[in-house]
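Dear colleague,

Please find below the structure that I am handing over to you. My notes on it follow directly after.

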Amino acid sequence: SRETGRRDTAGARPGGTMPAGGEARCATVGCILSYAGSTHDVTINYTVCALTVVAQARLFWSEHGKRASRLPTGLFQLGAFACVCAFQIGLCLALGCAGVSIVWNAIAGFSLQQLVRRPAADPALVPTAVRGDDDACARRPRAAPLLVLVMFLVVVFVDCYYGIYAKALTSAAHACALALGALLGWLSGYLLHERSASLVDSQSFDSEHEKEADELRRGRRRC
């Protein structure tokens, strides 16, 4: 939104708050979070931010709500969210900018990466009828992926909107935030799921190997 300031286009669209002689600079957290008093920007950005949070929460609950991975995954996501928020505020304090769009772009990147990765990586998301489980009616909820896709389209639309009315560096910041969110999503999957799964497989292999070795030793003793 206004991470790097807006072109001097006050009056070119409703809600423009930039003074005629230049760009407003924020030096306080309140100024950053309130978009220097721009009701127009506050409405747009906090609406999109709320949408991304709801979509990610819905996706998280649909995949981890009743599983043992709920706690570690939830803690990782909350920690990642806090780090992105701190980065947003720190960056704006350093540059004198205002906004929260780095936060919602990062959430969007995180959610999309999770949506793309999870079906192939997590067997728990495959319909139980395919896995051969007893309860053939339990299937992955479809509302969460649909909500994430709608949310991402809204994010792209708003990013394009600010790409027209804001400086080019703002669009670069949004793109970097999307990439940052996708990276955090990949780390979440790798550290909490793929790595833990590989450790479980390794332990299972070691256990089977020990059983085979034990059977061989018993066979030799009988001989």
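In which helix is V29 found? Please note, before the reply, that this is a predicted model. V29 belongs to helix α1, which covers residues 29-33. With a relative accessible area of 36%, V29 is partly exposed. Leaving out residues up to four places away in sequence, V29 touches I89 and L93. The C-alpha atom of V29 is also separated by 8.5 Å from that of C92, although the two residues are 63 residues apart along the chain.

I turn next to the nonpolar cores. The largest one has 25 residues, and those that touch the most other members are V84, W104, V148, M151 and V155. At least two residues of this core come from each of α2 (39-64), α3 (70-95), α4 (101-121), α6 (143-165) and α7 (168-222). The greatest share is that of α4, which gives eight residues.

As for V155, its contacts beyond the neighbours within four places in sequence are V48, T52, W104, N105, A108 and L178.

Finally, I draw your attention to S62, which is placed in helix α2. Buried means under 20% relative accessible area, and S62 therefore counts as buried at 16%. A polar atom of the S62 side chain lies 2.8 Å from the backbone oxygen of L59.

Yours sincerely

Terms used
Residues are numbered from 1 along each chain as its sequence is written. This is a predicted model: local features need pLDDT of at least 70, side-chain atom pairs count only at pLDDT 80 or more; totals for chains, interfaces and linings use all residues. Side-chain values use heavy atoms; hydrogens and water are left out. A nonpolar core is a set of buried Ala, Val, Leu, Ile, Met, Phe, Trp, Tyr and Cys residues joined through side-chain atoms within 4.5 Å. Buried means under 20% relative accessible area, exposed over 50%, partly exposed in between (1.4 Å probe, protein chains only). Helices (H or I, at least four residues) and strands (E, at least two) are DSSP runs, numbered from the N terminus. Contact means heavy atoms within 4.5 Å. A polar contact is a pair of N or O atoms within 3.5 Å; within protein, one must be able to donate a hydrogen and the other to accept it, and residues adjacent in sequence count only if both atoms are side-chain atoms.
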